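Look over the sequence and the model before reading on.

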Amino acid sequence: MEGSMQIPLEITFHGVEHSDAVEARIREKAAKLEQHCHNITSCRVAVEAEHHHQHHGNLYKVRIDLAVPHKQIVVSRDHHDKQEHQDIYVALRDAFAAATRQLEDYVRIHRGEVKSHAKEVKDVKEPEEEV
């Protein structure tokens, strides 16, 4: 991978002007998601500015929709009261960190690295069968 996603990436801005710098950061972070899971079939990122009179700036909401085989991963970072999300880059960082964690969980489950309760019970019963 050369820093760009191999899968379709859709980026939308609501209530905030399009920014080439923000779009470049989204593309960079989305490309890094592919390092965790090569099965991503689509990625949609929506950035929304929420205007509040009691704050001096906008609060940003970031939603990421990822499609992977047999699952839709949705991350919605909606932090109304957190000062740090007045920074669009912090909002993006947090949203993509959450998406990364969910993708890592998906990959572990898909590979069978997460044991189910039934499998553990089966492993416990096997020595009894040898009697």
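Is Arg27 buried, exposed or partly exposed? Arg27 is partly exposed, at a relative accessible area of 37%. Buried means under 20% relative accessible area, exposed over 50%, and partly exposed in between (1.4 Å probe, protein chains only).

This is a predicted model: local features need pLDDT of at least 70, side-chain atom pairs count only at pLDDT 80 or more, and totals for chains, interfaces and linings use all residues. Residues are numbered from 1 along each chain as its sequence is written, and side-chain values use heavy atoms, leaving out hydrogens and water.

**Salt bridges**
- The whole structure holds 4 salt bridges (a side-chain nitrogen of Lys or Arg within 4 Å of a carboxyl oxygen of Asp or Glu).
- Side chains of opposite charge can pair when their charged atoms come close.
- Arg27 pairs with Glu23 at 2.9 Å, N to O.
- Glu23 is buried, at 19% relative accessibility.
- Arg63 bridges to Asp65, with the closest N and O atoms 2.9 Å apart.
- Asp65 is buried at 8%, while Arg63 is partly exposed at 36%.
- Asp105 meets Arg108 at 2.4 Å, N to O.

**Helix spacing**
- Helices (H or I, at least four residues) and strands (E, at least two) are DSSP runs, numbered from the N terminus.
- Arg27 and Glu23 lie 4 residues apart in helix α1 (residues 20-36), so about one helical turn separates them.
- Asp105 and Arg108 lie 3 residues apart in helix α2 (residues 88-111), again about one helical turn.

**A positive phi**
- His70 sits in the loop between β3 (59-68) and β4 (71-78).
- Its phi is near 70°, a positive value in a residue other than glycine.
- Most residues other than glycine have a negative phi.
- His70 is exposed, at 84% relative accessibility.
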